[in-house]
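Please look at the sequence and the model before reading on.

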Amino acid sequence: MTDESTIIDVQGLVKRFGHKTVVNGVSLKVKRGEIYGFLGPNGSGKTTTIRMLCGLLRPDGGSGVCLGWDIIRESTQIKFQVGYMAQRFSLYEDLTVKENLDFIANLYGIRSRREAVDRAIERIRLERFSNQLAGTLSGGWKQRLALACCMIHQPKLLLLDEPTAGVDPKARREFWEEVHKLAGEGITSMISTHYMDEAERCHRLAYIAYGNLLTSGTAEQVVAGENLTTWLANGGNIHALQERLQGLPAWDQIVPFGNTLHVSGKDAETLEKSITPFMAAGYRWTRTTTSLEEVFISLMSRAGGD
Amino acid sequence: MTLVRIFSARRLVAMIIKEFRQMRRDRVTFAMMICIPLMQLILFGFAINSDPKNLPTAVLTADNSPFSRSIISAIQNSLYFKLVKQLTNETEAQRLLTLGQVQFVLNIPVDFSRKLIRGEKPVLLLQADASDPAAVSNAVAAIRLLAGPVLERDLKGILGDLRPGFTPVDLRIHPMYNPENITQYNIVPGLMGVVLTMTMVIITSLAVTRERERGTMENLLTTPVRPLEVMLGKLIPYVVVGYLQMSLIILAARVLFRVPLEGSLVLLYSASLLFIGASLAVGLTFSTLAKNQLQAVQMSFFFFLPSILLSGFMFPFQFRYSF
Ligand SMILES: Nc1ncnc2c1ncn2[C@@H]1O[C@H](COP(=O)(O)OP(=O)(O)OP(=O)(O)O)[C@@H](O)[C@H]1O
Ligand SMILES: [Mg+2]
C-alpha cells in the first residue's frame, strides 16, 4: 500500500520485443506535484517505459501502481487522469486545431466542452491557428497543440515524451513555466528530454541506458553520485592541448566548448597530476563544478562498456 | 559547375534497388502479388463455366401422352434442363419462377397431343427467367433445335404425313422479367452490390490501418475510448455513406435507365443493412490485420475479386461449375 503522495510507484518493469529486453527491471517512485525528468540515450527505453505507465503496452514483468491504480489490471481508470503526449505527433492532421481539441474533449466526456477548448487554445496562444489544419502547423506549434490536447481534461499526471523537441527557446521557457505552475497545483509531470537545461529544471531525475535504470535523485544527488572532477582550460590552442592530454591517464572526457576545453575524470588526484605540466604552458586552468551533461556522458559510456 | 544530367542510369538503378528492397520487406504484399493471379487463374479456369447446364426447370402439364413424355425426356437429355418438378397447377409454377427456384417453366397444354395429331401445330410454351439473359440463352437455343426432331420420331405410320418439311409444334419462348433483353435491367441493380462491396470493404480496411500508420492510434489508445466505441464509430459513418450510394444508384436506375422497381423499397433498404454491415465488418477485419495501407487495399482486392467474379455480376450466377 502506497500513501497518498506517491503518484507513480513501479517495481521491476520489464519489456521485451522478441528476444530483445528493452526495459530491464526499472523501478520508479514519483511523488505528487513533482516534475520528474526522464533521461537516457536514444533507444534506451524511455518511450517504452512511459508507454507501459499509461497502459499502451503491457509489461512482461514487474508491477506497480499509478495514481493508486494497478498499472496492469486497472489501466482503464488510469487513462482518465493521465495526459500522455507521444513523442511522434499523433493528432489528426486533417482536422483543424479546434476540431482536434474538441474531439479529445469529447472522448474524456468534459462537461463545458467549448470553454475547455477555448481555454486550452488561449493557454498555449494558439488562437491565430485555431481554424488551421493541424497538419499544416509548424513542428513547434504541433508540439504545443499536442500538449494542449493532453492537458485538456485536467489530468493529475502528465506523461510527456520529449514535449519540447523542436520547440523554440521562448516557447520552451513558457512550457516549463506552465509545468512548474501545474506542479504548484499538485499536478505531477514525468518528462523525457534530451536537453540538459531542462533536466536541471526538474525536481528529480532518472537516467536510463539500454533498459537499465542507472541513477535517480535530484540533480545535485546525481552529480554527486558520479563523483567527477572537472577542469576548464582556455587560452592557447585548445585542440593541440586536447591531443596531448589524450595520451595521459585519468581523464574520462575531454570536450571542447568553443574556446574552452572541459576535462573531467573520476580520479581527482591523478587528473590533477596529468594536467599540472600544462598549467605553465600558457593555458589558464580553473576547477569547476561538474555539469549534468558530463555526468550523463560518463554514465552512458560506462553502461555501453558492459 | 558540374553538369546535372537529365537522366542518370545510376539514379534509376538506385530507385529500382530501393523499390525491390522495400518489396522484399513487405512479405504480405509480396504474397498477395503471387496469390492474386493464382486465385484469378483458379476462378477463371475452374470455377467459371461459360456454358451453364442443368438449369432447374418445372414442367407444367396435364397432357400425359407419349408426345409430352418424349419432349420432357429430350430436354433432360440435352443436359441444359434439369427437371425439378412436374406440376399441374399454373399458379404454383409461376410462384416457383418468381422465387427463382426454377429458371424455366415448360408449359405443355392440355390438348397438346390431340392438336398435334390433328396437325394443328399446338403451342409449346417455354417461360424463361430472363432477368439475366446470358444465363438462359444457350438452353433456349438448345430447345429450339430439339423440339421438332424429337416429335418426328413419334410421328410415324398414319401420322407420317405430318412430318416432311413441317414443324409439328409452335414453340414459343417467353423471356420473363426482361422481355426486351435490356442490359441495364441486369447491370444497374447488380452495380449496387459491386459499388457497395468495393467502397465498404476498401474504405473500412483503411480505417484502422490509417490511424496506426499515422500514429494517431497511439493517442487514441491513451484516451478512455473503448474498442467497441472505436469500431462502431468507424463503421456507422460508412453505413450512412453506403445508404447514400444505394439511394443514388436506385435514383439513377429509375430516372436515367428506367429500370422498373418491383416490391418493397423498405425491405430492400432494411435487407441492405445486413449486406453493408457484413462488408464493413470484413473491411474492419482486414484493417486490423494489415500493417500498412497498401496491405489493406490488397487484402480488399483479394476479397473483392472472387466476390465479384462469383456474384453473378460479371458472369451469370449459373456460370459456375457446381462442385
Ligand atoms: N514496437 C517495437 N518493436 C521492436 N522493438 C522496439 C519497438 N519499440 C521500441 N523498440 C526498441 O526498444 C528500444 C527502446 O526504444 P524506446 O523508443 O523506448 O527508446 P527511447 O529511450 O524512447 O529513445 P529515444 O530517445 O530515441 O526516443 C529501442 O532499441 C527500439 O528499437
Ligand atoms: Mg523515445
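Which residues make the nonpolar surface patch of about 710 Å²? The patch is made by B:Phe30, B:Met33, B:Ile34, B:Leu38, B:Leu41, B:Ile42 and B:Phe46. This is a predicted model, in which local features need pLDDT of at least 70, side-chain atom pairs count only at pLDDT 80 or more, and totals for chains, interfaces and linings use all residues. Residues are numbered from 1 along each chain as its sequence is written, chains are lettered from A and ligands numbered from 1 in the order in which they are written, and side-chain values use heavy atoms, with hydrogens and water left out.

**Surface patches of chain B**

- Patch residues have over 30% relative accessible area and no salt bridge; like charges are joined within 9 Å, and nonpolar side chains (Val, Leu, Ile, Met, Phe, Trp, Tyr) within 5 Å.
- A salt bridge is a side-chain nitrogen of Lys or Arg within 4 Å of a carboxyl oxygen of Asp or Glu.
- Accessible areas come from the Shrake-Rupley method with a 1.4 Å probe.
- B:Leu38, one of the nonpolar patch residues, is found in helix H2 (residues 27-47) of chain B.
- B:Leu38 is partly exposed at 45% relative accessibility (buried is under 20%, exposed over 50%, partly exposed in between).
- B:Arg21, B:Arg24, B:Arg25 and B:Arg27 form a positive patch.
- Helix H1 (residues 9-25) of chain B gives the most to the positive patch, with 3 residues.

- A:Thr47 lies in helix H1 (residues 46-53) of chain A and A:Gln87 in the loop between strand S6 (82-85) and helix H3 (97-107), so the pair ties together parts 40 residues apart in sequence.
- Helices (H or I, at least four residues) and strands (E, at least two) are DSSP runs.
- A:Thr47 is partly exposed at 23% relative accessible area, and A:Gln87 is partly exposed at 39%.

How values were computed: Buried means under 20% relative accessible area, exposed over 50%, partly exposed in between (1.4 Å probe, protein chains only). Lys and Arg count as positive and Asp and Glu as negative; His and the chain ends are not counted. The place of a charge is taken as NZ of Lys, CZ of Arg, CG of Asp or CD of Glu.
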